[in-house]
Amino acid sequence: MLKKIDWNKKIFNLIPIYGFIPIVIALTFNVLVFTGTRPLTQYLPHHDIYSKLDQMIPFCPWWMVIYVLAFPTWAIGYIMIAREERKICYNMFTAEILAKALVLLCFFVYPTVMIDPQHAEPFRSQIQDGFIGWLCRFVYSFDEPNNLFPSIHCLESWFVFRAAFSLKHGGVKYKTFMFVAAMLVFASVLLVKQHVIIDVIGGVAVVEIALFFAKKYNLGRVFSALERKITGKNQEE
């Protein structure tokens, strides 16, 4: 039955099937890295990498709006990548998955935490009532300040920005939007005290490493091989 699927056919007239499958795989792996590692790493010694420079950054709960708006920005970026030709689409999503694999490695090799009594809790106790207060408490309830390095928030934002330069569509305005969005997200993770500066740097670094290897070794061919395996033929653009 799978061999009869037209992988060029678009889902909701938006994303071709060949681009939808990498999205599903990438999102599934993302959930596993974000939520699946915490029960396993909670028994490992954690490192507090909160620096004196981080202490100088103020707590600004209003930035939680930017922190949350990062999610639809990533969705836009994912869709734009999935709409590209196969080679670009497959290479980009392979790089994204590789970046998450590096994050997974970091979470186990060097788990980090923002110690509540010293850093996170004093700021969170300042949260007022109202929408912003509700939003902050909601995010903090499921996104605890551990497994911080590298920042997945910063990773995703930098990834969709960097991917914009490999796309054949989108233009200058799209690239500019993704850059501004990434800078705002970088600021938000620090201003709502979810991450520290080194986490931001780490998020950018793993993306750059993953993009380098994905392009140098054409790792997107993994998805091409998967497609050939399922369909039994080679799909060309």
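Okay, let's start with Val 207, which counts as buried because its relative accessibility is 1%, under the 20% cut-off. Before I go on, please keep in mind that this is a predicted model.

So where is Val 207? You'll find Val 207 in helix H10. Which residues does Val 207 touch, leaving out those up to four places away in sequence? The answer is Ala 99, Leu 155, Trp 158 and Phe 159. Take Phe 159 from that list: its C-alpha is 6.1 Å from the C-alpha of Val 207, and the two are 48 residues apart along the chain.

Now zoom out to the helix. H10 covers residues 197-216, so that's 20 residues by the DSSP assignment. From first C-alpha to last, H10 reaches 29 Å, close to the 28 Å expected at 1.5 Å a residue.

On to the charged pairs. How many salt bridges does the structure hold? There are 6. I'll walk you through a few.

One is Glu 227 with Arg 86, where the closest N and O atoms are 3.0 Å apart. Glu 227 sits in helix H11 (residues 221-231) and Arg 86 in helix H5, so this pair ties together parts that are 141 residues apart in sequence. Are these two buried or exposed? Glu 227 is buried, at a relative accessible area of 2%, and Arg 86 is buried too, at 5%.

Next, Lys 100 and Glu 156. Their side chains meet in a salt bridge at 2.4 Å, N to O. This pair links distant parts of the chain, with Lys 100 in helix H5 and Glu 156 in helix H8, 56 residues apart. Lys 100 is buried, with a relative accessible area of 0%, and Glu 156 counts as buried at 1%. There's a network here as well: salt bridges link Glu 96, Lys 100 and Glu 156.

The last pair brings us back to H10. Arg 162 forms a salt bridge with Glu 208, and the closest N and O atoms are 2.6 Å apart. Again the pair links distant parts of the chain: Arg 162 is in helix H8, Glu 208 is in helix H10, and they are 46 residues apart. Here the side chains are partly exposed: Arg 162 has a relative accessible area of 22%, and Glu 208 has 28%.

Let me finish on the outside. Which residues form the nonpolar patch on the surface? They are Leu 40, Leu 44, Leu 105, Phe 108, Val 109 and Tyr 110, and together they have about 560 Å² of accessible area. The largest share of that patch, 3 residues, comes from helix H5 (residues 86-109). Leu 40, for its part, is found in helix H2 (residues 38-41). Why do we call Leu 40 exposed? Because its relative accessibility is 54%, and exposed means over 50%.

That's my tour, so over to you for questions.

Key. Residues numbered from 1 in each chain as written. Predicted model: local features only at pLDDT ≥ 70, side-chain atom pairs only at ≥ 80, totals over all residues. Heavy atoms only, no water. Patch = residues over 30% accessible without salt bridge, like charges linked within 9 Å, V, L, I, M, F, W, Y side chains within 5 Å. Areas by Shrake-Rupley, 256 points an atom, 1.4 Å probe, with all protein chains shown as cover. Salt bridge = Lys/Arg side-chain N within 4 Å of Asp/Glu carboxyl O. Helix = DSSP H or I, 4+ residues; strand = E, 2+ residues; numbered from the N terminus. Buried < 20%, exposed > 50% of the residue type's maximum accessible area, 1.4 Å probe, protein only. Expected span 1.5 Å × (residues − 1). Contact = heavy atoms within 4.5 Å.
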